[in-house]
Every structure is written in structure tokens, then in C-alpha cells.
Amino acid sequence: MSTDRTARILGAVLGLVFIQTGASTLPAAVEVGLRVVSLAAFIALVGAWNRWGGREAPLDRTGGRPKNAVGRNYQFIPAAGGAAIVVGILVVNRLLHTPLATGPWIATVVSAHFFVLAALWQRPSVHVLGAAMTLCAVAGLALAFGGASTAAVGAVAGVVPGALLLGSLWRWSVRARAVPERTTI
């Protein structure tokens, strides 16, 4: 499986997980609706890729290396993110005694990784996604440390970033279909 396809699938799963997790903090009627809609969006997105995105778009081989290649040292990016998540969870829970900030902390680390990928892939649009998700994550941290409700934190740091991620993947997939010389995430 290509890096591009793997990144798209992982991004879609991540968006779904963000929404599903954030929805669990909301009132039951809203939770069920968000869970159903996000699952349907995920299935439609993966189905669309299988239907019209099954063949990878041609890679831009500027300088002999595909723009979406991350290289053989890519494993250090998720490893560093995983370490930051674990350390942050320990700090948030044991030192700061604010377990409500755990989700926003994870969202902060995950959104930061989009800046690294944007630089590696030379894709400014991924910077925009990273910035939007980081704003949501930081707002969620502020809400958690400010004593806001679990629902507010879940919506701001879970549902909204998940929707941004799924929406961006859909947009990039549609644009890639319309403009075949570009590769999507």
C-alpha cells in the first residue's frame, strides 16, 4: 500500500475516532446523531476512494522523490508523538490533576504532527489543517483547565477536529479526482 493511501486511511480513522470520542461527552440525542453521521461519512469516504480513488494519482517526482514520501525514518514521527502523549497524560493527570485535559492534550500532539507532514510533503494545505486542529486542541485545553463542562471540551477538542480532518480528506479526494496531476493525503 502506498504512503499516500496509508496516510488517507489513517487520517480517516483518526477523524472518526476524534468524533466518536468527543461525541461520547454530549447529550444522548446529539451523541447518537454524531456517531451515525461520522460513521456514514467515514464509510462514504473510504467507499469513494475504493470507487474512484483506488488507483493512486501520479506522483510529482520533483527532484526524483515523490512529494508525499516521508522517508524511511518516518517511524520517529509517530514514536515521538506517542512519547509526548504518554508524558503529557502523566503530567495532566498526576501533576496538574485535570484529567479532562487528556483528550485535548492528545489532540494537540496529533495536530502538531500535521505540521511535520506538511513540511515533508511540501503541501501548504496540510499546514492549514494542522493550524485549525491545533486551535481546537488548545481551546479544548483552555476549557479543561478553566473548568468548562466535559461536553464543551469534547465538542471543541474532539468533534470539531475530527470533522475538520474528515472534511479535509473529502475535499482533497474530490480535488484529486478533478485534477489528476495532484496527489492527495
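## T98 and its loop

T98 sits in the loop that links α3 (76-95) to α4 (102-121); helices here are DSSP runs of H or I, at least four residues, numbered from the N terminus. The model is predicted, so local features need pLDDT of at least 70 and side-chain atom pairs pLDDT 80 or more, while totals for chains, interfaces and linings use all residues. Residues are numbered from 1 along each chain as its sequence is written, and side-chain values use heavy atoms, with hydrogens and water left out.

T98 counts as buried because its relative accessibility is 13% (buried is under 20% relative accessible area, exposed over 50%, partly exposed in between, with a 1.4 Å probe and protein chains only). Skipping neighbours within four places in sequence, T98 touches V92, N93, A144 and F145, where a contact means heavy atoms within 4.5 Å.

F145 belongs to helix α5 (residues 124-145). With 43% relative accessible area, F145 is partly exposed.

## The whole chain

The protein chain has six helices and zero strands. Of its 185 residues, 37% are buried.

Take the contacts between residues at least 6 apart in sequence: 69% of them join residues at least 24 apart. The accessible surface of the chain is about 9,600 Å², and carbon and sulfur atoms account for 70% of that.

Notes:
Helix = DSSP H or I, 4+ residues; strand = E, 2+ residues; numbered from the N terminus. Areas by Shrake-Rupley, 256 points an atom, 1.4 Å probe, with all protein chains shown as cover.
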